[in-house]
Amino acid sequence: MIPTLAWTPEGVRFIDQTKLPLEESYVLATSYDQVADVIVTMVVRGAPAIGVSAAYGVALGALKTQAQTAGAFAPEFDRICARLAGTRPTAVNLFWAIDRMKNLFAEQLAAGATISAIQENILAEAHAMYEEDIAACKTMGAFGGALLPDEGGVLTHCNAGALATCGYGTALGVIRSAVEQGKHIHVYADETRPFLQGARLTAWELMADGIPTTVLCDNMAASLMRAGKIKAVVVGADRIAANGDFANKIGTYNVAILAKEHGIPFYCAAPWSTIDMATPTGDAIPIEERAAVEVTHHGGKQLTPHGVGICNPAFDVTPASYTTAIITERGVLRAPYAESLREMELAAQAG
Ligand code: MRU
């Protein structure tokens with residue numbers, strides 16, 4: 001399995017996704033501050049991977065504290081959480097993971113736990129999130145794999161694969177599972193300007209698995225759809241609002257419109273940690289604006305004239321009406337999503 005991130009006795013080891021596919025190198029983060037930097041610089045990216053990375057960041061912060069008591073550690077714990085929460089605004093998995101750590105810390109504090117017990121329990125919680133993420137990907141993969149056609153082209157946008165999770169992937173997990181189910185899938189990977197997650201990362205990890213893959217420039221999908229080469233689209237999500245609108249990598253909305261126009265099923269695959277019932281619609285999802293240099297330059301080479309205006313929103317929102325189904329580890333949801341999401345949430349709370 002692709003080692004997106006791994007806990008080691010020295011810290012958290014990340015495969016450097018800014019260097020792939022030409023170089024397979026690793027970055028070791030030995031402090032929570034370094035984990036935050038690794039998230040900001042996109043050494044690690046993808047909503048579920050960001051969430052679990054932040055959890056390990058909190059664990060590193062706890063393990064490195066000089067505080068002798070839980071009470072003395074409390075203000076430092078808040079600073080650690082704030083630093084990690086300030087890295088990227090759109091993927092709700094980041095805040096889900098940090099909130100989970102905050103709840104755990106509050107419980108431990110109330111129970112009078114020692115600092116060493118707190119350190120141990122915070123690390124155990126991060127390990128649990130890591131394992132749960134892989135299990136969720138496998139389960140949603142099995143649900144989603146059954147929805148894909150027995151053969152033909154499946155288009156995906158960005159990288160919602162093993163590299164965006166702790167392993168197996170969400171959208172690419174669905175594709176992996178379909179292939180394991182014996183389906184003959186050919187993946188069309190949008191290159192995904194400007195950061196090229198599709199061209200660099202999706203292509204790299206699917207080739208490692210021997211899954212036939214063709215990279216497309218982002219402006220080619222319509223013509224392939226019209227030619228009948230795309231039988232389904234499957235993408236990931238950074239945040240799914242309570243009404244089913246969802247944020248994903250910029251350009252996802254374009255693909256959704258094209259799929260609808262051509263009568264092609266359009267699936268969104270994400271773990272429950274990506275669902276944000278507190279955000280009513282996609283309009284309320286914060287969209288990260290990234291540095292202009294990602295658009296103006298490529299590989300250190302300038303592409304655009306000096307001083308030209310640049311916009312670089314990292315995500316867009318696809319309205320719920322474009323989505324054929326949302327695939328989660330709890331099952332497959334259909335429209336109306338406000339109802340199906342609420343029902344599945346209530347069913348999970350009821351146990
Ligand atoms: O900016 P990125 O690379 O973190 O964006 C990633 C995506 O948009 C993914 O599709 C999303 O996080 C789902 S990953 C399973």
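Predicted model: local features only at pLDDT ≥ 70, side-chain atom pairs only at ≥ 80, totals over all residues.
The mean pLDDT of the protein is 97, with 100% of its residues reaching 70 or more. Among the elements, the lowest mean pLDDT, 94, belongs to strand 12 (residues 297-298), whereas the highest, 99, belongs to strand 10 (residues 266-269).

Asn-93 lies in helix 4, which spans residues 92-110. This residue counts as buried because its relative accessibility is 1%, which falls under the 20% cut-off. Leaving aside residues up to four places away in sequence, Asn-93 touches Ala-47, Pro-48, Gly-51, Asp-238, Pro-271, Ser-273 and Thr-274.

| Side-chain pair | Polar contact distance |
|---|---|
| Asn-93 and Ser-273 | 3.2 Å |
| Asn-93 and Thr-274 | 3.0 Å |

Turning to the open space in the model, the largest pocket has a volume of about 390 Å³. Its lining includes Thr-18 and Thr-41, together with Pro-194, Phe-195, Leu-196 and Arg-200, and it also takes in Val-293, Glu-294, His-297, His-298, Gly-299 and Gly-300. At least two of the lining residues are supplied by helix 10 (293-296), and at least two by strand 12. Sorted by class, the lining of the largest pocket comprises 4 nonpolar, 6 polar and 2 charged residues. Strand 12, which contributes to this lining, is also the element with the lowest mean pLDDT, at 94.

Methods: Residues numbered from 1 in each chain as written. Heavy atoms only, no water. Helix = DSSP H or I, 4+ residues; strand = E, 2+ residues; numbered from the N terminus. Buried < 20%, exposed > 50% of the residue type's maximum accessible area, 1.4 Å probe, protein only. Polar contact = N/O pair within 3.5 Å; in protein donor to acceptor, adjacent residues only side chain to side chain. Contact = heavy atoms within 4.5 Å. pLDDT = per-residue confidence, 0-100. 1 Å grid on protein atoms, 1.4 Å probe; cavity = no way out; pocket = protein on both sides within 12 Å on 5 of 7 lines; lining within 4 Å. Points joined across faces, edges and corners; volume = space filled by probe spheres on them. Nonpolar A, V, L, I, M, F, W, Y, C, P; charged D, E, K, R; others polar.
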